[in-house]
Protein chains: 2
Amino acid sequence: MKQSKLFMPTLREVPADAEVKSHQYLLKAGYIRPVSAGAFAYLPLAKRVLNKVEAIVREEMEAVNANEMLVPEILPAELWQRSGRYATYGQDLYKFKNRQERDFILGPTHEETFTELIGNDIKSYKKLPLLVYQIQAKFRDEGRPRFGLLRTREFIMKDAYSFTADYEGLDQIFDQMEVAYRNIFDRIGLDYRVIVGDAGAMGGSDSKEFSAPAAAGEDTIVYSEGSDYAANLEMASDFYERVDRSAEKKADIEKIDTPNAKTIDELSALLDLPADQLVKTIVVADPEGQLTAVVTTGDVEVNLVKVQNRLGVPEVELADEGLVKEKLGASFGSLGPVGLPEDVQLLVDERAADLVNFAAGANEDGKHYLNVNWDRDVALKDEQVGDFRTAKEGALAVDGKGKLAFTKGIEIGHIFKLGTKYSKALGAQVLDQNGRAVDMIMGSYGIGISRLLAAVSEQKADEKGLVWPAAIAPYDVHIVPINLKDDDQANVAAELEEQVAKAGFESLVDDRKERAGVKFADADLIGLPVRITVGKKASEGIVEVTLRESGENFEMPASEVAAKLNDWLQK
Amino acid sequence: MKQSKLFMPTLREVPADAEVKSHQYLLKAGYIRPVSAGAFAYLPLAKRVLNKVEAIVREEMEAVNANEMLVPEILPAELWQRSGRYATYGQDLYKFKNRQERDFILGPTHEETFTELIGNDIKSYKKLPLLVYQIQAKFRDEGRPRFGLLRTREFIMKDAYSFTADYEGLDQIFDQMEVAYRNIFDRIGLDYRVIVGDAGAMGGSDSKEFSAPAAAGEDTIVYSEGSDYAANLEMASDFYERVDRSAEKKADIEKIDTPNAKTIDELSALLDLPADQLVKTIVVADPEGQLTAVVTTGDVEVNLVKVQNRLGVPEVELADEGLVKEKLGASFGSLGPVGLPEDVQLLVDERAADLVNFAAGANEDGKHYLNVNWDRDVALKDEQVGDFRTAKEGALAVDGKGKLAFTKGIEIGHIFKLGTKYSKALGAQVLDQNGRAVDMIMGSYGIGISRLLAAVSEQKADEKGLVWPAAIAPYDVHIVPINLKDDDQANVAAELEEQVAKAGFESLVDDRKERAGVKFADADLIGLPVRITVGKKASEGIVEVTLRESGENFEMPASEVAAKLNDWLQK
C-alpha cells in the first residue's frame, strides 16, 4: 500500500482531553477519531488491526467448534422485560421507540437474544452442546465515557454463548473457552492474568476474568507473588486458618463509656488494644430494604461485593445512618453485634469470629462493650461466618504461596457460568434423556475487541509512539525511501515492496514528499514492527533495518531482507 | 465441520407470512430467523455466506485503493441537522436520546459522518483523491418491513465515499467503482443489469444502479432488447425525434362542449381522434406549494420523478383538486395549457410540444379547445420542453437500438456522483493548487450485502431449495454418509473430508443419525454446490456425486473426487 493513498492523518499535538497513553497515541498516530463522546471512528490503520484481531478470534473460536452468527443490534424491549434486565440494567441501556411507538433497546450484550433463538429451535438434549458466537458493535450509555477506547458507548465485542443439557457440559466448554482465550491473548502478544472474577453482574455462578496489567487500567488486580493466584480486588482472598479458642477463659462482659472514640483508631488508642483485637460493625441494606450487620476485625475493610454475593442479592449499600439509629439504637461508631433486633441479619468475618474477650460497640451512642464473646453474648451460626473482608497488599495469598501484590488492570475478556438464569426466564428448555423438560444450562463468554487495541497500546507503546506486535500490526513492514526522485532509491523500494509481498507479508510504502525527519517520526508513531529505510546507500544495494520494539538498527543488503522477515515477524 | 455441531435448524413447514421464495427458503433451510419485524439473526450458514461476500467486496475495494474504515452507528443528531437531512429524511430515521437527553440517530447511511471526518483532517488537494469504505449494520425504520432480507429495518451494507478536488477525479473514481461493482457481482455469480438510476434521493447529479432481475423485485427495470440500455422505470426514456411542424397550416382555435368526456378515452371517442393527437394536463405541487401544469400526449403517463428532477425539487405530488379548480377555473378532466394563471408553471413533454391543431382542456368544466397551437395560443420556451413521460413497454429504446422490455429487479448496488452537497453543508474544504479554499467533490457507493443473499436466492433457488454459487456457498462440499455405523462408509467419509481440506475446500459432513431421505432433503434445501453421498458402494471405494445447480448425478471412485473439485467449484 502506498502511504499517499492511505487516510492516516497523524497529528503533531495531542488533544488536551486525552488522559491516557493509548488514547493519546491512537489519536496522534491517526488510528481513531471521536464522532461523539465515547463513539469512535476507526481509521484505516485501526481497522486493519481490528481485522487481524478478529481473524485470530475466529480461528480460535472455530477450533472449539463455535458457530459464528450475527444477531440484530436493535432488540425488542419485550425480550429484556422477560429476563427482567429491562428494569434492572440501569441507565447504561439505550432505549428508543420505533415509528409504531414500540419499545426497543440497543443491545449491550445478547444473553436474551441467543437464549430465545436457540430455545425456539433446539428442543432435545441430542442437539446439544451448542456453542455460538458473534463479533459486533455493542452499546452502553456510559455516564462518563473517557480514556479513549477503554470506556466507550459503542464498542466491538466478541460475545459467545454455550448451551448444554448438564453442568458437566458447561464445565467442559468453560474450560475449553479458557484455553481458547489464552491462545487468543498469547497470539496477540498481550501480557495478561486470568483472575477470579465477580460473576454476580451477569447472574452467574462462576467466572474468570482476563485482565491486562497496565497503569491506565480501571480495575485493581490482586495477585500472588509466589503463585498463579490472581483475582479482582472485589474477589481477592488472603490466607486465614480458623482457630478454635473455645477453651480460653471468658471474662465478664462490661459496658464502658467511650464518648470520644468514634473511629477504630480512637478506640484502639483509648483501650490500648491493637485494631485486630477489636471488631467494627457496619450495617448494609439490600434493594428490598433488608438490613444486615457485618462484623470484621478493626484492621480490615468490609468487602461489599463478598457480602452481596453471600446474601445472593444484586446490590448492597451502606444503610442510611438515621434508619440505623432508629433500628439499632445508635449511630455509626457505636454499633455492635450484641443485642441486634431480630429483623437485622448478622454476618461475621472469620477473623472476627475467632476473637475472644473482644471489644465492640454497644448499640448505644458513646458506649462500647469489653470482653464480648460469641455464643455467650451473641448467637453465631457457622453459615453466618465467612470471608467478608477486602484483601490487603502484602498479606499472604489465600493459597498460602506468596504475598499479595496489587496492580492496575484492563478487563479484556470475561467468561461466565450462567447456569439457568436466562433459560428459565425465557423458557428455553430441552427434553433430557428421560423425556423430561429441563432448562438449558448456559455460559457466556466475552472479549472486548476494540478495547484490545487500547490494552496493547497501553502495554507496548513507548515514548516515540505505538508498538504493534507482529500478529496484529496493520502492516508488517514500513518501507521508507528518503527520496523517491533518486532512481536507485525508487528501484530498491519497488523491489523491496515486491519481495515483501512474495514472502507473504504486507508493506506500507512511504511515498510522500516529506522530509526524512517527518517520515521517521510518523513511522515511529504508527509503530509497524519492521522499518526499512532506503537512503543514499541504495546505490550500493544497502538499506537500513529498524526493529520497532527492540530499537535494533542495522544495515544490510536489500536482497537479503526477504529471507529475514520470518525471524523479525514471528507471529 | 460436523453437521451435529452446527446450528442449522431446518424446518418442515414454511412460516405463513413468508411471501417470497428467498424469505421462505432462508427460513426453511435454517439461514435466518426474525428477532423483531425486519430485523433478522443470521444463523451460522448465512453468516458464512455473508463472510464470503464481504471477503470478495474487500478484495475488489482494495483493488481500487479504497481504505477500509469503521464509523459509529450511533450518530449525534447535530451532524444530520447541519446537512439538513435530520428534518427531511422522514420517518425511516431512528431517533433517540442518550442519558444526558442529547439527540442521536442510528445511521442509515454515512455521507455526513465521512464528510466530517475527512473534512476535519484533510486540508489540501495534495492529499486527494481519497476513497474510503466500510461494511456495517445500517438502520431504517421501514413502515412495513417484508420479503425477508429484501426490506428490513437493520441490514448490512458496504458504503464507500470518495473525495476529490475536481470533477475529473470524481468521474474517474466513479468509473473505477462501476468496474469494481461489476467484478463483485460477476464473482458472486449474480445476473444483474447496470441501469440509469435516480440520483435525486441522495442529492446527487448522476447515478448508476445495479439491479438483479427477479420476480420478487420491488423495482421495475426497463431495458432494451437490442442494446445495453437499462434504467429504472422512473428514469427510462423511449426514443423520440423532434419534428419541425411550423410550416403546417394552423386552423382556428374553437371551444366546444365536452360534458361527458372526462377521460382521455372518452374524449378520444367523442372527437374521433387517436389519444396521441390529444393532450392531457395534470397539475403538480412541490413541497413549497408551487404549482406546475404538465402537458403530455393522451397516450402516455406523466412521470413525476422526471418532473421533479427537472424542477430541482425534492418531491412533487398531484395537486389538490379543490386548489386546482380555484386556481385554473376547472376540475381534473378539463384542464389545459391555454390561459394558465401567471403563477402556475408549465412543462410540456416533447411529443406534445410537436403537435399542431390539437385538442386540450379549456380550463372550464365540460369544455375543450380544438385546434390549439403552441406559440399562437400558448407561449412555449425550449426549456419548458422535455421528456416528462413514463416509458412504455414495446417502445423503441432511447438509443434507437431495440424495443423496451420490462422486468422486476432487486436493487443490489447504487453509485452516486454527489458533487458538493455534503461538503458544502459541512464545510469540508481543501486548498486547491492556487491556494483557494474549495468544497471537496464527493461520490457515494453502496452495496446491500445482506440483501445480496436474498437476490442470489431469488435468482438461483429451485423447487428443492437454495442453490449457492461456488464463490459464496457456506461450504463447498456436502459429504453425506448414509450410515456412519458402517465402517467402510465412515472411513471413506473421513478420507473425503481430509482430501477436500487438502485441496483447499471446505466441507460439511452430515454425521447425524437421520434417515437418508431426511439427509438428502436437508442437503438440497441448504444448497451446497457439490454433494458426495457415501453409501453401500463405499466398500468398493465408490461414491455418488450430485452437482446441486445442474442436478448432474454420477458415481465415481472416492479417490478421484479431490482432483475434480476445481472443475466443479469454479469461483
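Analyst: B:Arg85 counts as buried in this predicted model, because its relative accessible area is 5%, under the 20% limit. Its salt-bridge partner is B:Glu111, and the closest N and O atoms of the two are 2.9 Å apart. B:Glu111 is buried as well, because its relative accessible area is 1%.

Other salt bridges give some context. Over all chains the count comes to 97 salt bridges. One of them joins the side chains of A:Asp206 and A:Lys417, at 3.7 Å from N to O. This pair also links distant parts of its chain, 211 residues apart, with A:Asp206 in strand S10 (residues 206–213) of chain A and A:Lys417 in strand S21 (residues 404–419) of chain A. A:Lys417 is buried at 13% relative accessibility, whereas A:Asp206 is partly exposed at 34%. In the salt bridge between A:Glu248 and A:Arg245, the N to O distance is 2.8 Å. Here A:Glu248 has a relative accessible area of 37% and is partly exposed; A:Arg245, at 25%, is also classed as partly exposed. Salt bridges also form a network in chain A, made up of A:Asp238, A:Lys306, A:Asp349, A:Glu350, A:Arg351, A:Asp387 and A:Arg389.

Between chain B and chain A the count is eight salt bridges. A:Arg99 takes part in a salt bridge with B:Asp92, where the closest N and O atoms lie 2.9 Å apart. Helix H2 (residues 44–63) of chain B gives the most to the side of chain B that touches chain A, namely six residues. That side divides into 30 nonpolar, nine polar and 16 charged residues. There are 24 residue pairs in polar contact between the two chains, counting pairs with both residues at pLDDT 80 or more. The contact as a whole takes 55 residues from chain B and 55 residues from chain A. About 4900 Å² is buried between the chains, and carbon and sulfur atoms give 58% of that area. B:Phe7, B:Leu70 and B:Arg99 supply 15% of the area that chain B buries against chain A, more than any other three residues.

Elsewhere in chain B, B:Asp320 caps the N-terminal end of helix H9 (residues 321–328) of chain B, with a side-chain oxygen 3.2 Å from the backbone nitrogen of B:Gly322. The residue that follows H9(B) is B:Gly329, with a positive phi near 95°.

A:Leu267, in helix H7 (residues 264–271) of chain A, is buried at 2% relative accessibility. Leaving aside neighbours within four places in sequence, A:Leu267 is in contact with A:Thr258, A:Ala261, A:Asp272, A:Leu278 and A:His368. A:Thr281 lies in strand S14 (residues 279–285) of chain A and is buried, with a relative accessible area of 10%. Of the 571 residues of chain A, 58% count as buried.

Notes. Residues are numbered from 1 along each chain as its sequence is written. Chains are lettered from A and ligands numbered from 1 in the order in which they are written. This is a predicted model: local features need pLDDT of at least 70, side-chain atom pairs count only at pLDDT 80 or more; totals for chains, interfaces and linings use all residues. Side-chain values use heavy atoms; hydrogens and water are left out. Helices (H or I, at least four residues) and strands (E, at least two) are DSSP runs, numbered from the N terminus. Buried means under 20% relative accessible area, exposed over 50%, partly exposed in between (1.4 Å probe, protein chains only). A polar contact is a pair of N or O atoms within 3.5 Å; within protein, one must be able to donate a hydrogen and the other to accept it, and residues adjacent in sequence count only if both atoms are side-chain atoms. Contact means heavy atoms within 4.5 Å. Buried area is the accessible area (1.4 Å probe) that two parts lose on being put together, summed over both. A salt bridge is a side-chain nitrogen of Lys or Arg within 4 Å of a carboxyl oxygen of Asp or Glu. Ala, Val, Leu, Ile, Met, Phe, Trp, Tyr, Cys and Pro count as nonpolar, Asp, Glu, Lys and Arg as charged, and the others, Gly among them, as polar.
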